[in-house]
Amino acid sequence: MTAPFKIAIAGLGTVGGGVVKALAARGEELSRRAGRTLEIIAVSARDKKKARDFAVTGWTDDVLSLARADADVVVELIGGEEGIARQLVETALANGKHVVTANKALLAKHGLALAQLAEKNKVTLKFEAAAAGGIPIVKALREGLIAHGVDAVKGILNGTCNYILTEMESSGRAFDDVLKEAQAKGYAEADPTLDVGGGDTAHKLALLAAIAFGTAPNLDAVAVEGIQHITPDDIAFASEFGFRIKLLGVARRVDGKIDQRVNPAMVRVRSALANVGGAANGVSVDAGEAGTFFFSGRGAGEAPTASAVIADIVEAACGAPSPVFGRPVADLKPMTPADGKAAVSPWYLRFEVLDVPGVLASIAGNLAEAGVSIESMIQRVRAPGAPVTIVMITHETSQASVERALKAIGASDKVRGRPCMIPMETA
Ligand SMILES: NC(=O)c1ccc[n+]([C@@H]2O[C@H](COP(=O)([O-])OP(=O)(O)OC[C@H]3O[C@@H](n4cnc5c(N)ncnc54)[C@H](OP(=O)(O)O)[C@@H]3O)[C@@H](O)[C@H]2O)c1
């Protein structure tokens, strides 16, 4: 065997701990796969005294010293788009070390500059674990599905949201209730905003879109909406129409431009995406003439995420650095965002209205004025005098038209609360 491949690990939490444990358990086999002995030479985290369920060797208090150590690869598993994680990655790349990270926030925000730095220093920057955890979707997009190009990537990329929506469906409980339970069980963060607000999915989508379409990551161009306003009623109505609600990240080519969006969407109950349940992730890739491919599995957690990190470490140990986003930085095109509001689909609409004459006619008038035509409708009266729920499925229409109609409808004093609009993925 050639010289050992020396590894420095920053961050010994869920993912870092998983990497240390997996290397301890299967280091010999993995070294054979790498063609070199994989050796952890240094580790660091915040608190040296913290109890950990694995042996800690090579501890250093100074995280940044890992970027100066005698390591071949620095594995950044701290997290955060700025601060110590960014400093460490930049310093390691500048010092000619390979970097492996699971940090989607850092890469979605600074990916292009970091890729430039990696290229300049002839090292690799790998991030399989940053999108969809254990699912090897980065490798699939970067290598496996390049022959015919990619037209669209659609994914359930956030396990917390998928867990919440799955629980809401099976129990009929409200979002807040299920979120609290998810927090108590450790499936959701104390501050869940990044997950339930769609930001985490946007980070992952921006990375997958960059690899799929050969563009620089463009996080600012992702239109983001979370799942906080989804009600048990929406989920039940979706089911009546043969659909299920999922938080989807969708990136697709539209007339030479790229539409990137994260929002709750209705998917047919028999589709592969609809059957990704609980905290799992799923990604569907439309690879042109090659067809559509579907990947699913565990998108987070110790073992699946460590699995992706270790795959990157072994690949880095194996050989020549490959371009960070699948193409040399000079070949990455700027991402020109498509006008997402012009994209057409059928829409699910829900209104809570007062049970008084003329309401329905006025809603129908607003929809007609905006050019939105209705395919089917359900009206549900819960109790005499209580607001009536009206649900409509539209024919294919643009988001801009639906928004125009809902603005007018929402302005009526007969309409209670915020009207709900959810696109339907029928392809
Ligand atoms: N957890 C998942 O399932 C998952 C999945 C995909 C991607 N990721 C990504 O993986 C990365 C790590 O996530 P995680 O879940 O493993 O996080 P975590 O459990 O919170 O662990 C973070 C680690 O970073 C250390 N740390 C925090 N601040 C530090 C500082 N200022 N200096 C030095 N060390 C510091 C912590 O030290 P102490 O241990 O001493 O507190 C801890 O060991 C993040 O980028 C995350 O987005 C996680």
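**Domain arrangement, helix packing and ligand shell**

The protein is divided into domain 1 (5-131 + 306-323), domain 2 (137-298) and domain 3 (341-425). The model is a predicted one. Between the centres of domain 2 and domain 3, taken over C-alpha atoms, the separation is 25 Å. Contact between these two domains involves 15 residues of domain 2 and 13 residues of domain 3. On the side of domain 2 that touches domain 3, at least two residues each are supplied by helix H9 (232-240), strand S8 (243-254) and strand S9 (257-268). S9 provides the largest share of this side, with 6 residues. By class, the side of domain 2 that touches domain 3 consists of 10 nonpolar, 2 polar and 3 charged residues.

Helix H3 takes part in two of the helix pairs described here, one with H8 and one with H2. In the pairing with H8, helix H3 (residues 104-120) and helix H8 (residues 199-213) have axes 8 Å apart and pack at an angle of about 55°. H3 is therefore oblique to H8, and the crossing of the two helices is left-handed. The residues of H3 that meet H8 are Lys-104, Ala-105, Leu-107, Ala-108 and Gly-111. Their counterparts in H8 are His-203, Lys-204, Ala-206, Leu-207 and Ala-210. This contact of H3 with H8 contains 6 nonpolar, 2 polar and 2 charged residues.

In the pairing with H2, the axes of helix H2 (residues 83-94) and H3 lie 10 Å apart, at an angle of about 15°. At this angle H2 counts as roughly parallel to H3, because the limit for that class is under 35 degrees. The crossing of H2 and H3 is right-handed. From H2, the residues in contact are Ala-85, Arg-86, Val-89, Glu-90, Leu-93 and Ala-94. These meet Leu-106, His-110, Leu-114, Leu-117 and Ala-118 in H3. By class, the contact of H2 with H3 has 8 nonpolar residues, together with 1 polar and 2 charged.

A further helix pair is formed by H1 and helix H10 (residues 302-318), whose axes are 9 Å apart and which pack at an angle of about 45°. H1 and H10 are therefore oblique to each other, with a right-handed crossing. On the H1 side, the contact comprises Thr-14, Val-15, Gly-17, Gly-18, Val-19, Ala-22, Leu-30, Arg-33 and Ala-34. The H10 side comprises Glu-302, Ala-303, Thr-305, Ala-306, Val-309, Ile-310, Val-314, Ala-317 and Cys-318. Residues of the contact of H1 with H10 divide into 12 nonpolar, 4 polar and 2 charged.

Helix H1 (residues 14-34) gives the largest share of the shell around the ligand, amounting to 3 residues. There are 24 residues around the ligand, and those that come nearest are Gly-13, Ala-45, Gly-79, Ala-102 and Ala-300. By class, the shell around the ligand is made up of 10 nonpolar, 10 polar and 4 charged residues.

Notes
Residues numbered from 1 in each chain as written. Predicted model: local features only at pLDDT ≥ 70, side-chain atom pairs only at ≥ 80, totals over all residues. Domains from an automatic or database assignment. Contact = placed C-beta atoms within 7 Å. Helix = DSSP H or I, 4+ residues; strand = E, 2+ residues; numbered from the N terminus. Nonpolar A, V, L, I, M, F, W, Y, C, P; charged D, E, K, R; others polar. Axes fitted to C-alpha atoms, helices over the stretch in contact; angles between N-to-C directions. Parallel < 35°, antiparallel > 145°, perpendicular 65-115°, else oblique. Left-handed = near helix turned anticlockwise from the far one by under 90°. Near = placed C-beta within 6 Å.
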